[in-house]
Structure formats: C-alpha cells, structure tokens
Amino acid sequence: MTGFHRARRTVYAALTPVFVLGLAACAGFPDTIFGAHSEIGRTEDRLTYLLLILGGLVFVLVEGALIWALIKFRSKPNATTPKQTHGNTTLEITWTLIPAVILAVIAVPSVRTIFETQAAAAAGSLQVDVIGHQWWWEFRYPQYKITTANELYLPVGRTASFTLRTDDVIHSFWIPQLAGKRDVVHKERPNYLWFTPDSAGAWNGFCAEYCGTSHSNMRFRVFTVSPEQFAAWVKHQQTGPAFPATAATPQPDTSKKGATPAPSPAATATLASDTNTATYPRDQLPTWTVPATPLPADEHFDESTIAKADPARGAQIFKTAACIGCHTIQGVSPGIIGPNLTHVGSRTTIGAGLYPNDMKHLTMWIKDARLMKPGSIMPPMGKGLPEAMGAFDDQQIADLAAYLSSLK
Amino acid sequence: MATTVAAPSVTGKAHKYESGIWSWLATTDHKRIGQLYMYTAIAWFVIGGIEALFIRSQLYGPNGRLVSADTYNQLFTMHGTTMIFMAIMPLSAAFFNLLIPLQIGARDVAFPRLNAFSYWVFLAGSVFMNVSWLIHAAPDGGWFAYAPLNTRQFNPGVNMDFWVIGLQILGLSSLAAGFNFVTTIINMRAPGMHFMRMPVFTWAAFVTQFLIILAFPIITVAVTFLLFDRFFGTNFYEIAAGADPLLWQHLFWLFGHPEVYILILPAFGLVSEVLPTFSRKPLFGYPVMVYSLILIAFLGFGVWAHHMFAVGMGPVADSIFSVTTMLIAIPTGVKIFNWLGTMWGGNLSFKTPMLFGIGLVGLFTIGGISGVMHSSPPSDLMQTDSYFIVAHFHYVLFGGSMMGLFAGVYYYFPKMTGRMMSEPLGKWHFWLTFIGMNLAFFPMHFAGLNGMPRRIWSYDANQGWDFDNHLSTYGAFIIAFATAIFLYNFLRSRGHGALAGNNPWDAPTIEWSMPSPPPDYNYAKIPTVTSRYPMWPQQGPTPLSPPVPTAGGDQPLPTYQTAEQLGIHMPTPTIKPLLATMGLTLAFVGLIWHRQIPIILLGGAIFIVSLYAWVLTPLEPEH
C-alpha cells in the first residue's frame, strides 16, 4: 500500500508542471474547471490531468502511426502486390494488453477518488440546503435560519456541505471553479455534495441539466469570503428587512392615479444609507460576475419615473398586491413560490444571475418578467400587459422597485 | 377506401407497378428500398444540418438573440433526434438494404414486404415528428427527454406528444427491419458463405440488428409509459404522484447506450470494406475484428449508467459502471489498431471512399479518447453536461458514423446506380468536411473545459467562451458548404456519372461480381463462395488500385435479361405495406389531434384490413 501511495505521489508530482500551466491558462477563462479552488475540485482536476496526459499520449501515438502509415505506404507507380498479411496474433495480443494496462492506471485512482469524494462531509460543516426551481436557486442555511436565492456566501476554509433537492424538474448544481456538478433530482430524497473553498473570490454557478425554457438563465453566484465576513453576512441576513414596511408612514395620495409626489424623507434616508459592509462589495465584482444580458428590444422604462420613486409608497403597494402570494419578506409576507426578498437589495443580480440588481432592471422585471426572462413563472405586473396579474402604472412599479432595492 | 384495400389483388396487376412513381410506392426490391432510405436519410441530414446552423448562429457570440429560447430548445431537441433517428440510423439502414443480400449472395431479404413496411413506417414517423415545426410546436425536451420535464405537468403542449408518438413509430420501423435482417443473414447465405467468410459489413450489420432487437423494446416500453402518462393519466413519471424521475433515465440509457453502437457499428463495417480495397491487402485480423464487434455490442448493454454519474447513484454503482465503460475501450481500441494494421505495408490509394475511411480512423480515435476521459466519474463530474461532451459525441457521430457512412456512399454509389461520383468533387467534399468538422467540434472541448454548459440558448459576455464559439460557427458553415458540394455530386452523378462497370475499385467481396446496378434478381445464378475475398486471386490483388472510370457519362446504363426471361421468381410489388403504414399513422394522427376517437378507429381499421390483404396476397405471382 505504501508503495502504491509513493507511486501516486510521484504521478502527482509529475503532474504539477501541468497543473501550474493549467492555472496560468485560466486567466481569461473565469469558469474553467482547471485550477479549482477547493480540495474536491483539485482532486477531480488531478484525475483530469492524468486522463489528459494519457489521452494525449495515445492521441500522439495513434495519429502519428496513422500519418506515418499514410505517407510511407502511399501507392507508388512501380509497386508490387503488398504482402497479404491476415493478422498477427502476437501484435494483436500486445495491442489488447497495452490499453488494458493504461485503463488499469486510470481505473485505480478513479475508484479511489469516487469513494473519497463521496464520503460523508466533515463534522461541523456548514450546512446548505439547495433547492432547484424552474429557473432559479433557493439556498437555505438551516444552522442560521437564513433563506436566500441565487447568491451563495461560503466561508473560506470551512467545509460546505450541500443537500440538494428540486422543487420541480431535474437541475444540476455546478460551480466549475469550485467542484464538479451534482444533479438535483428528487423532491424528498436529496443528493449530497461537499467541498472546502480555499480562496476568497466571486465565482459563477450554472444549472448544468436541461430543465426547460430558461435553462440557460438559471445561473447563480458564489462569494467565498473570510470567516469574519461570513459571520457578518450571517448576522445581517438574520435581521429583519432593512426597510420595516410596518413602520413606513402610509402615503394617502398613492392611490390617486397620476399622483407623483416627491420621495418621502424616510425613503431618501434609506437610499442614502447604502453602506452595507456585510455583502460582497459591488465595486470589487469581477467582470465575469456582472451580467451583460441585453434588454429585450421592446422593453423600456422611463428614467424620470424612476427618479420620482418612493420606497415608502412601494412598501404599501407590496403589502396589498399579489407580490405577497409568492414572495417572503420577513415580517411582511409569507409567499414561498418565488425567491425570498427579505434582503433582495443586498444581492448583486436579479432573475438568477441574468441582470444587474439596479432600479433600471428591477422596474422592468416587475413590469414584465416574462419579457425579461423567457418562461418566467412570475406574471407581468404592468397595467394592460397580457396575462398580467397586477395593474400597476409605471410610477407604482418604480415605487415597488425602490422599496425592494432598499431591502439591503 | 378500406373496401378497395380488401379486394384481392389480381396477378396480372403487377405490371402497373413496373415504372414511374408506382414502381417506388409498391416496390419490395431491397435495392430500391435501400435507395429510398438513402435519399430520405440524406434529406433529413440536410434538415438536421439546417437546424445545426441555426443553433451555431445563435451561439456565435454572447447573448445571441437570433431565435427565442423556446425555439432554440426545439432546435437542439430536433437536431439530435433528427440526426440520430432520421439521418444516421436510416443511412445505415440504406446500406443494410443495399448490401446484405448482395454480400451474402441472396436474391432479396427474408421478408421483402416487411422490408417495404419498415421504410414506409420510418418515413411516416420522421414526417410525423417534423410536422410539429409547421405549428411551431416541435419537441423541446431534448432528444433524451428526461422525466419529469417530459410529463404533462411540465410540458403541457403538444411538443412532446409529437416526440413520443414519432419515436414510437420510428421504433416500429427499426424493430421490423431488425428481425428481417437477422432472419436474412442466418438463413439466406449462399452456399459456402460461412459466418467466418461473411464480409465484415454484413457482420457489423448482423451485430447491429441484435442491438436493435434487444435495445428498442426498452425504449418502446419507456415511451409507452410516457405515452400512457401523457394521454391516459397514468403515473409512471409523474413526480406529483410519487414517481422516481430516475426510472426514465435508466430505461432511456439502457436503450441509449446500445443505440450509440447501433449508430457506429455499421460505419465500422463500411470502413472495414473500404480500407482493404484501397490498401490492396486483406483486413488485418478478421476474426478479432468480428469478435470485437460482438464484444462491443455485449459490453454496450452494461455501461448505460455512465450517462448518470452526476445523478447520485452512490460510489459502488459509480465504480462498477466506470470500470465496465473502461473495458469497452479495449475492443474498440483493437479495431483502430487492426485498421492501422490493414493499411500498414499496403499500397494506399487515396480515392474519396478511402479518404473518408481514414477520416473515421483518425477522428473516431479522438472521440474514443475523450470517451475514456468521461469513464472516470470524478473527472466526469467536471465534464458531463458541458460542451466537452458535445465535442466528444460529435467526434464519435460525425467523425465516426458520418465519415464511415460517407465512405460507404462514395464506395457503393457505383454499385447502387451503375455510375461513378465525381472524384474531384468528392475530394473537395472530404477536405472541407474534415476542416469544417474539426473547426466546429474541436474548440467545443475548450469551451466545455472552460465551463460552458450544454443545451444553453444563450451565454453571458466575459465568460471566455466567445472565441471557441466563433470558431465552431465558422466550422459549421464550412460543413454546410461541403455538404452542398456532396449533394450536387450525388444528385448529378446519378444520371451523368461515368459508367462504373462491375467492379470499378477492384474490390474483393462478391457483391462486386454482379453488374452495376444489379438486376432486380441480383445474381442470375446464386454463387458458391470459397473464400473471404472471392474477387481477389489467392496471391493477392493487382498492386495498384485501378484508375477511377471517367468515361461514359453520356451513355445509358447496360440492360439485362429480366427475371421472367431467366425463369426467376421474384416477389410481386405491392402497395399494401404502404397502406398499412398509412392506417397506422392515421391512428396516431387521431391520437395527437384532439384525440379524435373516430379517426383513431378508422386508422386502426385501415391498418388491420391492409395487414389482412397483405397476408392473403401471394408473395410470388401464380403461374
């Protein structure tokens, strides 16, 4: 066994230069599987390197022999009839055995790695319940009683142990820079995945199993942060919504059509206090985590309407609108069909990684989510739109967006 | 209509089927049916290719908006379904039909009318599924149609109804043909045609038929469950009623992996015919080539769950399926090495069929190597459902199956039509296809390793995938251009190609002993076979491949004595298999079109009456 381990170490030592090359290559390839940032990802990578090297060797030998044969044995005008060989038992046994040996070299570490990576996660791991929905991700931290969506925070150096369930069809949970994927198959019987992130950063996650119309729009972000930052994030997420809807002063004129009063002082204060240190700093987001999804051609929202948005009015609208049927805001609404919005303003994207989370996109999203994201289950809220569930004018929508943005 | 069908056919009536459109509708001649398969398969190959061009144009750059997400999902579903079930399988079936009776020295297949039925059912199934495009409701659940996305709950439209029923119809065609060819090969070999003298293509076809016979019932069951779920409210895949979505995956891949070999083995067989002819040497290690075919087919039933390493089967199942998958690489590798051994020491002449044959050896190897990479589950978790897989199976199916089938088309076109395809155009076709396919599919390896998931309608900017996708799109259009050259060459050469003569390539197997195109009765006298390569002298063929014929493009094909003149009894043409197919299809149309019970009953009645009329009609004219 020790001899075997030594052999294994030698192989891995030999792979190190390639590993370094792989790391160098990931500049410009933010979602590459190479140079993974967790022990599980690196274990999987090591096997991939072994396979690439052996595969590359076979490729060079076979294609080399083929090209050599094509050049050397091309027909020449004065050729004689070639020797009519019908086979060669020794040769044929040899080239049956050589692949068998190569495959054994692959099979042994493969099987060992299967058992290593599918062992139970270490005690004291951070538990994360992942629930796949068409087409967004729900993340729950049962140890901290936090529910959020489409953005994962993980502390560096602590094993994150995922329990994967689906609410509807099969999805697949994949963060290429952190670990291999795991399908999200059942509603009750979960799948498991664990890994320990070892460097801080922002990573892209994808749904890797075709799950219907917006499969391509089922992305998520993972922020690996220091344990201190993680603790701060947890504390922040455990508090109630940043804009206490119950405390907001009712605005008597919101019900009047066309009434567009100036934003209330409370709202201005909330918008100004945009100094949330618990979440990943937006100005440090790498470019590949900032969505560049173009707006649908026939979608627009008036900038001046957004300028007049009032979160206090938005809070009132939210409480009485269809929103509460699907979305939870702690202390405000109990809906569980859509993402939990208690701290929606603290997220960097909306629509499962599809658009930046700003007033411009949020207003359009509320107005007509289906135009923004094909197949979205959330019905349009804008007045007069087909299949609309709400009948809000643009100002009301801007107010709602301002309210949600304020929920840092 | 039904009463007309039931009327007993009069013997003399056969004359009206001798020429024109009726001669095709009523044919039971395996060579004509083979040509029908070939034309239809090439047409679907073009349509599947157009779908691919839409896909590639949509993915050319980030955030593409050429087609909508729903249309894109229909496009990739139908591209896969079309290429697998309507292009590659029927193109293989074209060669089964054209070649098996010729290669074993028979006059026709065992059940000529069942053979016609297989073709018509295939045509009906493929048209049925594609009619969905006309109402913009093409199947959109992927060619693998995973549960529960394929159920009414998550796919309420008619899209997957078309897929379910279309696949059911197509499966009937394959099964009927499978039993037919197995019977033919076992029972109708000419005197002296021992199993170990059979041409390797016929061997590959033989093994493939067993795969079809054993694998298609599984998908038939899986699809029947789904059909019952969707139409009659059963709960095989309804998760709301407690169904396990993995049932579908196991059933589908238990069919789906043998299906991979159904797609590749016929191409292996064709290349095993082409390489010896143009190397001027017999196939290296014939027995091992045959055993490896059988071994691949056998092991092919024990590896299905390697498509499911990410679903959470647990470490034991993952390990077992990993090792069985690695095992299958051994007989596959042996085939590659034996093809190299065939060329080694030969006098290689690079005619178009040979170029495509070499293309298979070189390109399938790449797909084989990446295949071994997926066999290691921990590594596969990084690869599966990414573009790396898309690269892998296009090397296998385009670099392997299509290259082999193109080799077969160029090689057997002279036997099929009596005329040669243009060599210069053939070489243009090969080189553009070779460049285009590598440009299209090799960068997909990098896109996949750099994290690009499969089946995505659109991807964001700044992911590092743009360049790979640009290249893939250019490659796809080069393949399209190459295919246009092929189509021109194929269609024009039918009437204007140089006269081929019996054996333009100086090939070794017995089908080359008969005139091109063969008369409807094939061999005027059934040959007696004494060796594997009866057309080559004992000491070996002439050192060099003969020059490709270039003369006689303006001359008519030679004519032969008819079967009557020679006193040979051939099956009478009949349109009853076509009528039976129409009845069957009508019943399914009634099912999908608002479940019209009267239409379903009418279709069923036509089907049953046609079957009775078919069975009661004598196979050969009374005399």
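Modeller: Begin with a single residue. At 0% relative accessibility, Arg280(B) counts as buried, because buried means under 20%. Keep in mind that this is a predicted model.

Colleague: Which residue forms a salt bridge with Arg280(B)?

Modeller: The partner is Asp506(B), and the closest N and O atoms are 2.5 Å apart.

Colleague: Is Asp506(B) buried or exposed?

Modeller: Asp506(B) has a relative accessible area of 17%, so Asp506(B) is buried.

Colleague: What does a salt bridge inside one helix look like here?

Modeller: Take Glu423(B) and Lys427(B), whose closest N and O atoms are 3.4 Å apart. Both lie in helix 14 (residues 423–449) of chain B, four residues apart, which is about one turn of the helix. Glu423(B) is buried at 12% relative accessible area, whereas Lys427(B) is partly exposed at 33%. Salt bridges can also share partners: Glu209(A), Asp385(B) and Arg455(B) are joined into one network in that way.

Colleague: And in chain A?

Modeller: Glu138(A) forms a salt bridge with Arg140(A), at 2.8 Å between the closest N and O atoms. Glu138(A) is buried, with a relative accessible area of 9%, and Arg140(A) counts as partly exposed at 36%.

Colleague: How many salt bridges are there over all chains?

Modeller: The count over all chains comes to 15. Between chain B and chain A the count is three. In one salt bridge between the chains, the side chains of Asp244(B) and Arg189(A) meet at 3.3 Å, N to O.

Colleague: How should I read the size of the interface itself?

Modeller: The size of an interface is often given as the accessible area lost when the parts come together. Here the area buried between chain B and chain A is about 7,600 Å². Carbon and sulfur atoms give 66% of that area. The contact takes 98 residues from chain B and 91 residues from chain A.

Colleague: What can be said of chain A as a whole?

Modeller: Its secondary structure comes to 11 helices and 14 strands. Chain A has 408 residues, and 54% of them count as buried. The accessible surface of chain A is about 17,200 Å², with 64% belonging to carbon and sulfur atoms. For contacts in chain A between residues at least 6 apart in sequence, 67% join residues at least 24 apart.

Colleague: Which residues have the most contacts inside the largest nonpolar core?

Modeller: They are Phe162(A), Phe173(A), Trp163(B) and Trp248(B), in a core of 239 residues. Helix 4 (residues 69–104) of chain B provides the largest share of this core, 22 residues. A second, separate core has 34 residues, including Phe301(A) and Tyr403(A).

Colleague: Where do nonpolar residues form a patch on the surface?

Modeller: Look at Val127(B), Val131(B), Leu134(B) and Ile135(B), which together have about 390 Å² of accessible area. Val127(B) belongs to helix 5 (residues 112–131) of chain B and counts as partly exposed, at 39% relative accessibility.

Colleague: The backbone is left. Which peptide bonds are cis?

Modeller: Two cases can be given. The bond from Gln134(A) to Trp135(A) is cis, with omega near -5°. Trp135(A) is in the loop between strand 1 (126–133) and strand 2 (136–141) of chain A. Another cis bond joins Ala147(B) and Pro148(B), with omega about 0°, and Pro148(B) lies in the loop between helix 5 and helix 6 (159–187) of chain B.

Colleague: Where is phi positive in a residue other than glycine?

Modeller: Asn63(B) is one example, with phi near 55°. Asn63(B) is placed in the loop between helix 3 (30–58) and helix 4 of chain B, and counts as buried at 11% relative accessibility. Asp385(B), a member of the salt-bridge network, also has a positive phi, near 60°. Asp385(B) is in the loop between helix 12 (377–383) and helix 13 (387–417) of chain B, and counts as buried at 7% relative accessibility.

Methods. Residues numbered from 1 in each chain as written. Chains lettered and ligands numbered in written order. Predicted model: local features only at pLDDT ≥ 70, side-chain atom pairs only at ≥ 80, totals over all residues. Heavy atoms only, no water. Core = buried A, V, L, I, M, F, W, Y, C linked by side-chain atoms within 4.5 Å. Buried < 20%, exposed > 50% of the residue type's maximum accessible area, 1.4 Å probe, protein only. Helix = DSSP H or I, 4+ residues; strand = E, 2+ residues; numbered from the N terminus. Patch = residues over 30% accessible without salt bridge, like charges linked within 9 Å, V, L, I, M, F, W, Y side chains within 5 Å. Areas by Shrake-Rupley, 256 points an atom, 1.4 Å probe, with all protein chains shown as cover. Salt bridge = Lys/Arg side-chain N within 4 Å of Asp/Glu carboxyl O. Contact = heavy atoms within 4.5 Å. Buried area = accessible area lost by both parts, 1.4 Å probe.
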